[in-house]
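Reader: I would like to learn how to read a protein model one feature at a time. Could you walk me through this one?

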Amino acid sequence: MTYFGDNKTPEQEFLTKKGNKILQKYFEMLKNPETQKIIPPFFIFIKHSTENSTRSVQFKGVAFPGHSKFSLSQNLITVLKKNTEGKSFQNYEARFSILNIDFVSREWINDISSGNKNTKNSPDAWKNRFI
């Protein structure tokens, strides 16, 4: 999966955006097998309007930074994009692996909230996630 960072503003430095700082941090951690172990899961949601709300979302899966199809340096790259007015801005293009996880248990969410994402409640695909 390819995800584009949070910057959409030509006048703004793209690394000032909170989401881009998060991408930079976790993709840097991919370079070391020890720090890979502490990267948290990324839950993927899409907008899914309902009769009651246009702000509803739908869970689509669990992702982990990086993809084995790309080198470490290709998993997070800086790109130059244009907004609808034709003005250029810098942003990140990040590649993620979508893990084969259809269901996330409340127990695992509680574990993650407590700071421990690697427990008996972790799905097998999460335990075997390293690229």
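This is a predicted model: local features need pLDDT of at least 70, side-chain atom pairs count only at pLDDT 80 or more; totals for chains, interfaces and linings use all residues.

Reader: How many bridges join strand β1 to β5, and in which sense do the two run?

Author: Strand β1 (residues 2-4) and β5 run antiparallel, joined by 3 bridges. β5 also pairs with β3, again in the antiparallel sense, over 4 bridges. There, Val62 has Leu99 of β5 as its bridge partner.

Reader: What about β4 and β5, over how many bridges do they pair?

Author: Strand β4 (residues 76-82) pairs with strand β5 (residues 88-99) over 7 bridges in the antiparallel sense. Among the partners, Thr78 faces Tyr92 of β5, and Leu80 has Gln90 of β5. The two strands form a hairpin with 5 residues between them. Within that turn, Gly86 has a positive phi of about 85°.

Reader: And how should I think about side chains along a strand?

Author: In general, the side chains of a regular strand alternate between the two faces of the sheet. As for burial here, β5 is mostly covered, with 9 of its 12 residues buried.

Reader: Let us turn to helices. What span should helix α1 have, and what does the model give?

Author: Helix α1 covers residues 18-29, and its 12 residues at 1.5 Å a residue should span 16 Å. The end C-alpha atoms of α1 lie 17 Å apart, which agrees.

Reader: Which residues of α1 are buried?

Author: The general idea first: an α-helix has 3.6 residues a turn, so residues three or four places apart point the same way. In α1, the buried residues are Gly19, Asn20, Leu23, Tyr26, Phe27 and Met29.

Reader: How do I read aromatic pairs?

Author: Such a pair is described by the distance of the centres and the angle of the planes. This structure holds 9 aromatic pairs. For Phe43 and Trp108, the ring centres are 6.1 Å apart and the planes stand at 75°; an angle over 60 counts as edge-to-face, so this pair is edge-to-face. Phe43 lies in strand β2 (residues 42-47) and Trp108 in helix α4 (residues 106-113), so the pair ties together parts 65 residues apart in sequence.

Reader: Where do charged ends sit over rings?

Author: The charged end of Arg129 sits over the ring of Trp126, 3.8 Å from its centre. Likewise, the charged end of Lys81 sits over the ring of Phe4, 4.2 Å from its centre.

Reader: Finally, how are pockets found, and what is the volume of the largest pocket?

Author: Rolling a probe the size of a water molecule over the atoms shows where empty space is left. The largest pocket here has a volume of about 190 Å³. Its lining includes Met1, Tyr3, Asp6 and Phe96. The elements that give two or more residues to this lining are α1 and β2, and β2 supplies the largest share, 4 residues.

Definitions and conventions: Residues are numbered from 1 along each chain as its sequence is written. Side-chain values use heavy atoms; hydrogens and water are left out. The expected span of a helix is 1.5 Å times one less than its number of residues. Buried means under 20% relative accessible area, exposed over 50%, partly exposed in between (1.4 Å probe, protein chains only). Rings of Phe, Tyr and Trp (its six-membered ring) pair if their centres lie within 6.5 Å; planes under 30 degrees apart count as stacked, over 60 as edge-to-face and the rest as tilted. A charge sits over a ring if NZ of Lys or CZ of Arg is within 6 Å of the ring centre and within 35 degrees of the ring normal. Two strands pair if DSSP finds at least two bridges between them. On a 1 Å grid over the protein atoms alone, a cavity is a set of points where a 1.4 Å probe fits but cannot get out, and a pocket is an open set with protein on both sides within 12 Å along at least five of seven lines; lining residues have an atom within 4 Å of a point. Grid points are joined across faces, edges and corners, and a volume is the space filled by probe spheres set on the points.
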